[in-house]
Structure formats: C-alpha cells, structure tokens
Amino acid sequence: MFKKGCANIMPTLSKLSKAFLLPIALLPIAGVFLGVGSAIASNSGADSFGYFFGTLLNKMGDVCFGNLPVLFCISVALAYTKDSGIAAITAVVGFLVMNGMQSALLHTQVMGAENVWVQIKASADASAEWIKFADLASTPHVSVLQYVHTASDLTGVTSLEGIKYQLVNANRELIDGAGSVYYSLLWINKIPNGLITSNIGINSLNTGVFAGIFVGAIAAKCYNKFHQTQLPSAISFFSGTKLVPIVTFVAVIPLSFIFMFIWPYVGMGLAAFGQASGKLPGGLDSFIYEVAERSLVPFGLHHVFYAPLWWTNAGGSIAEAFNKADADQQKAFVEIWAKNHSELASTLLNGLINPTEKFEAIRKLISNDYTDLWQSMGDQTMAYKVIANTSVLNFTDLEALGLNIGRFQSGKFGFMLLGLPMAGLAMWLNVPKENRKEVMGIYFSAAFTCFLTGITEPIEYTFLFLAPWLFYGVHMPLAAISFLFAGLFKTHVSMTVSGGFIDYIVFGVIPYFGSKAMSAKSAFAILGVSAAMAPAYFFAFYFAVKYGNVMVPGRDGSSNVQLATKAEYKASKGLNVDGSKIEDVKSSKVSARDAVEDARVQKATKIIEFLGGEANIVDVDACASRLRLTVKDGSLVDKDGIISLGGATGALIRGTNVQVVYGGEQEAIKPRMIKILDEQRKSKK
C-alpha cells in the first residue's frame with residue numbers, strides 16, 4: 001500500500017512542480033524591467049524624466065514579484081485542470097475570499113500603551129516621575145530623558161526616539177520589535193508584524209506562496225468535480241462552470257480558518273529556521289541546500305523543494321533580521337548604511353549620536369515608508385525587493401544584520417556558466433576522433449544553451465540515464481561545492497530559475513553598475529567560483545567517462561545522437577525518413593513543412609502506442625524540457641520504444657508517472673498527442 005501511495009504522489013508532485021514554472025517564466029522580463037528601471041532612477045535627478053521613466057520600469061517589474069502568491073494560485077489551478085480559464089478565475093475568487101476573511105478578523109493594537117509605565121526624570125538632579133509609555137510623545141517639557149531602572153542602557157541617548165527604542169528592547173515580551181504596534185488574530189494576541197502583509201490590497205497573513213498553492217489546488221478540485229454538474233431546472237442557471245466559483249467560495253472558508261489557526265506559529269517557526277540556517281558557518285547552509293535540490297532534479301521535484309526557501313521566511317526575513325539584531329549588529333549596520341547612503345543619512349540621522357537611536361530611525365523609515373521591502377521574506381523575494389529599493393537598502397547593508405541574500409541561488413552560476421559546459425567538452429573529447437566532428441554541434445549546442453539560459457537537462461540527462469553514478473557521484477557533489485563557495489563569499493547575485501548568463505547580466509551586472517545594489521566582490525566573485533568549477537568539472541568528467549567506460553553519445557559509434565528528431569531533420573533537407581527525396585513541391589503540392597508536420601504526427605502516434613495505447617493514458621502535459629505523462633499502468637510503457645523514436649535523451653517511469661526528456665520538442669509533441677487522443681476516443685463512442 002505504501003508503494004502504491006508513493007506512486008500516486010509522484011504524478012501530483014510532478015504536476016505541482018510543473019505549475020511553478022508558469023509564474024517563474026514571467027520573472028526574467030520582470031527582472032529586466034526591475035533592474036534596468038532601478039539603475040535609471042538611481043542615476044537620474046529627482047523629478048527628472050529619467051527618474052520617472054526608471055521608476056515606471058521599476059514598478060512594472062516589481063508588481064510581478066509582489067504578487068507571486070496570486071500568480072502561483074492561478075498557475076496551480078491551471079496545471080490541475082488542463083489549462084482551464086474558469087479554474088483560473090475561480091482561484092482568484094478563492095484567494096480574495098480567503099484573505100478577506102483574515103482581514104476582517106485581524107486587529108491592530110498598541111502593545112504597552114496602556115500597561116507599560118516607565119520612570120523618567122528631566123535631568124540628573126530632578127525628581128523621578130512615572131509616565132505611561134504611550135504618553136512619552138506628549139511630554140515636551142522633558143528635555144533629557146533617563147530610564148531610571150537601567151540608566152546604563154541610555155548612555156549617550158538624548159532623544160525621545162532613542163529612549164523609546166531602548167524601552168522597546170527592554171520589554172520585548174510586551175512591545176513588538178518594530179515599535180509599539182502589534183497584531184492579533186482570533187486568540188493569538190501577538191503576531192510579528194513581518195507575518196502581516198498586503199495581498200492584492202488586503203491586509204492579511206503573509207503566507208508567501210503557500211496559501212496561493214492551496215487555494216489553487218482547491219479551485220482545481222472544485223472545477224474537476226463540478227464543472228459538468230447539472231442542477232435541478234429551478235436553479236439550472238447555476239449549473240456547470242457557473243457552479244464552480246460558488247462551490248470554491250464556500251470551500252476556502254475552512255482553509256482560511258486553518259491558516260489563521262496555525263500559520264502564525266508555522267510562520268514563526270519558519271522564521272526561526274531561516275535565522276538558524278543563516279548562522280551556519282562558511283556557506284554550509286548553501287551546501288546542504290544544493291545537495292537536496294540537485295538530488296530531486298531527476299524526478300522533476302526540485303521546484304517544490306526550494307519554494308519555501310525562495311518565497312517564505314524559511315529563507316530569511318528582512319523584518320526578522322531587524323527585530324533580532326543585537327547591539328553589535330546594529331552598530332555595524334548603521335556604519336555601513338551611513339556610508340552606502342550618505343545623502344539620505346545626512347538628513348535622517350542628523351543630530352543623532354547613539355548607534356541605537358540611528359538604527360531605530362533607519363528601521364522606522366523602512367518599516368513605515370517601504371512596507372513591501374520591510375515585509376519581504378524568502379531568499380529570492382528579498383533579493384528582488386532590495387534591487388527595487390536600493391536607494392534605501394542594499395545587499396551589503398543587510399550583511400551586517402546576518403542576511404546573506406542569494407545563499408540559495410548564487411551557487412548555480414558556478415556550474416551553469418562554465419562547469420557543465422566543460423563537462424560537455426570532457427564528454428565530447430571522449431568520443432573517438434573520427435566521430436567528433438559529427439557530434440560536435442550537438443555538444444556545443446547543449447553547452448551553449450546551459451551557459452546562456454541555464455537549461456541543463458540536455459547535458460545532465462545524457463549522463464544521468466547512461467550512468468546515474470555520474471550524476472550523484474560527480475555532478476551533485478561539485479554543484480554543492482559551487483554553492484558552498486558562493487555562500488562563503490557572500491555572492492548576492494539572484495536569478496529567475498536557471499542561473500545562466502542572461503540571469504547574471506540582469507541580476508548581477510545591471511544591479512552593480514546601475515544602482516550599486518551590491519559590492520564588486522559580491523557581483524564578480526561568482527565569476528571566480530565559476531572559473532574554479534570549470535577545471536573541476538572538466539577533469540572529473542573526462543576521467544570518469546574515460547575510465548568508467550561510459551558510452552556518451554558518439555563514443556559507441558552510434559549515428560542516432562541528434563537532439564532533434566531524425567524525421568524533422570530529413571524533412572528540412574527535402575528527404576523522407578528513408579533518405580529518398582520528397583516529391584517535387586509544385587507537382588505534389590507537398591512542402592517540407594507538411595512533411596515535418598506528418599513526421600510529428602507519426603511520432604506522437606507512436607508515442608501513444610508505446611505508452612500502452614489510448615486506454616492507458618490519463619493525462620498529457622509538458623514543462624520546460626520534459627513531456628510529462630500520467631498513465632494507468634506504468635508496466636505497459638515501452639521506454640526503449642519511445643527513446644528509439646529519436647530526440648529524447650532519456651525517460652523516467654515512477655509508478656503511473658512517466659517523464660520523457662526532450663529539451664524543447666515536447667512543446668510540439670504535447671498538442672498533437674492531445675489531438676490524436678481526442679480523435680481516438682471520439683471514434684470509439
């Protein structure tokens with residue numbers, strides 16, 4: 001039974017992983033607008049055309065990152081309903097209802113205003129008097145405040161803001177870290193303000209992408225179950241697809257209460273995990289992350305794994321970093337921040353002497369005027385928000401608070417830019433000299449694709465399916481070492497999902513030269529890591545393939561080493577699959593395009609046959625590089641038959657879940673398979 005349960009879980013998680021790719025696909029263009037806009041605005045005068053134009057671009061990109069939860073909500077609904085638009089709009093309705101319920105029960109209060117009293121005196125020789133904490137702001141006659149109980153804490157503190165901040169620190173259990181404001185929800189009397197945010201304009205729990213994923217799943221379930229339901233004639237207007245949002249409206253009510261009951265505790269637990277993992281020495285957190293992430297790549301589940309670390313406070317939180325900062329961190333932060341933002345510091349910190357007062361002034365500015373930045377959590381989300389707001393906060397500032405932003409991202413550049421391409425070169429050099437010219441284009445294409453876009457599967461799956469030990473015993477440890485060095489050197493270069501050269505330009509070069517979001521060390525150290533990984537990958541793979549006798553494409557003398565299908569290649573040359581010439585276009589009215597289409601249809605038909613026929617196929621889908629299929633009986637699938645059709649670098653069968661790795665052709669195969677299956681099923685009715 002356990003084995004059967006695992007077999008059923010795999011297709012579900014695989015589809016969820018694929019769902020994540022839809023919003024992620026939006027991020028590259030949004031990142032370009034974000035980075036370029038920030039660079040233009042930062043280098044333009046106030047109220048100038050450049051400032052407004054740069055701000056326009058910046059906000060266009062930032063709004064995408066700021067609304068990832070609802071985008072994930074929609075994409076999950078689409079993934080589990082075969083791209084139904086009704087399910088998508090239903091998911092939005094559910095998301096609005098869920099957050100609206102939370103907003104109605106969420107209360108903002110002032111902790112300590114009524115029950116915290118402090119003893120102060122106007123000067124050293126004056127008599128002490130008790131004053132409510134809430135009344136401190138209305139005591140203009142007090143020129144110099146001293147906190148009698150712990151006067152040593154106030155050495156050099158002369159301003160009202162300074163003493164208020166020290167009182168907050170002295171009463172952490174009574175007064176929330178950002179000041180005297182706190183939130184309550186149901187019976188939970190104090191929720192950290194970092195766990196509250198604005199979701200599509202609704203003040204509610206900051207659940208990252210988790211709530212969106214759950215709501216999207218509920219919307220999909222309601223659609224699949226009720227979109228064909230016929231109600232009695234009296235209420236038949238609400239039948240079918242009109243019934244779906246109504247059912248979802250009600251279905252999210254218990255989910256909303258579940259999140260209200262448990263999320264404050266889960267959120268605080270994730271925040272504690274994020275802080276604890278960030279304190280691991282020497283990039284160890286990055287190393288552990290990559291071992292886990294890379295080990296899930298063969299199963300297509302890595303997107304599910306990194307979601308909490310990228311988009312929730314398990315990957316860190318800016319509010320938590322400020323709230324938990326000790327005296328030494330506060331002092332270091334103030335010094336670095338004042339240096340990096342000298343113009344802003346000259347006005348904001350004017351007249352303030354004590355580091356504690358300065359730190360409180362900076363924190364107040366960010367928490368009050370830059371709420372999106374303040375409430376951002378997750379390694380990738382924080383990176384995007386910092387890039388969008390470099391005028392007030394950058395990566396170097398946050399290092400002083402213990403936030404190593406990019407620790408779960410930057411390491412990928414180390415093996416994407418040069419590591420895996422050099423592994424491809426090493427495999428090619430193991431091909432006999434007489435065959436190298438024939439297969440050179442294939443290896444070069446795969447290596448260049450990896451370098452430019454970070455799409456690795458053409459290379460990874462070549463050795464994964466030929467010799468899995470190369471993946472787990474050579475590639476995965478080297479990838480983890482790349483992350484280790486990236487985390488150790490604090491390389492804050494973010495990415496979308498791939499880590500190729502395009503991502504490096506958008507999230508490394510542009511933020512550094514445009515808006516000084518990071519130091520030169522952070523921006524360019526990752527190139528040093530990449531340069532170090534290049535020979536490591538080359539020699540490791542060269543000798544592993546050579547002495548492990550791995551038959552990489554071309555080494556065994558096989559001619560079937562093309563990434564594209566043989567039928568498509570022959571058709572583009574005006575030849576049939578058997579090598580004979582296609583009849584003259586004018587006389588037969590058959591073009592090369594028609595031949596390519598015929599070849600694709602034939603291939604899709606054969607894939608259906610090798611999957612056990614139409615009756616054995618439950619679902620057909622595709623992601624960035626794989627054809628993802630759900631079948632009734634995995635034992636009926638002929639994996640070798642599918643691979644023999646050409647174009648695929650491997651296939652994976654786990655229970656009822658089948659994945660065929662193509663690297664691009666899957667987008668052409670998927671719609672044709674769906675069309676053929678529809679025709680076959682209609683013919684049987």
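Lysine 490 is partly exposed, with a relative accessible area of 32%. To find this residue in the predicted model, select the loop between helix H20 (468-488) and helix H21 (501-515), which is where lysine 490 sits. With the backbone displayed, look at the phi torsion of lysine 490, which is positive at about 55° although the residue is not a glycine.

Next, move to strand S6 (196-199) and strand S7 (202-205), and select isoleucine 200 in the loop between them. Isoleucine 200 is not a glycine either, yet its phi is positive, at about 50°.

For the last stop, select helix H11 (residues 327-340) together with helix H13 (residues 355-369), whose axes come within 9 Å and cross at roughly 65°. Because angles of 65 to 115 degrees count as roughly perpendicular, H11 is described as roughly perpendicular to H13. Viewed as a pair, H11 and H13 make a left-handed crossing.

Now show the side chains where the two helices meet: on the H11 side these are Gln330, Lys331, Phe333, Val334 and Trp337, and on the H13 side they are Pro355, Thr356, Lys358, Phe359 and Ile362. Coloured by class, this contact of H11 with H13 shows six nonpolar, two polar and two charged residues.

Conventions
Residues numbered from 1 in each chain as written. Predicted model: local features only at pLDDT ≥ 70, side-chain atom pairs only at ≥ 80, totals over all residues. Heavy atoms only, no water. Axes fitted to C-alpha atoms, helices over the stretch in contact; angles between N-to-C directions. Helix = DSSP H or I, 4+ residues; strand = E, 2+ residues; numbered from the N terminus. Parallel < 35°, antiparallel > 145°, perpendicular 65-115°, else oblique. Left-handed = near helix turned anticlockwise from the far one by under 90°. Contact = heavy atoms within 4.5 Å. Nonpolar A, V, L, I, M, F, W, Y, C, P; charged D, E, K, R; others polar. Buried < 20%, exposed > 50% of the residue type's maximum accessible area, 1.4 Å probe, protein only.
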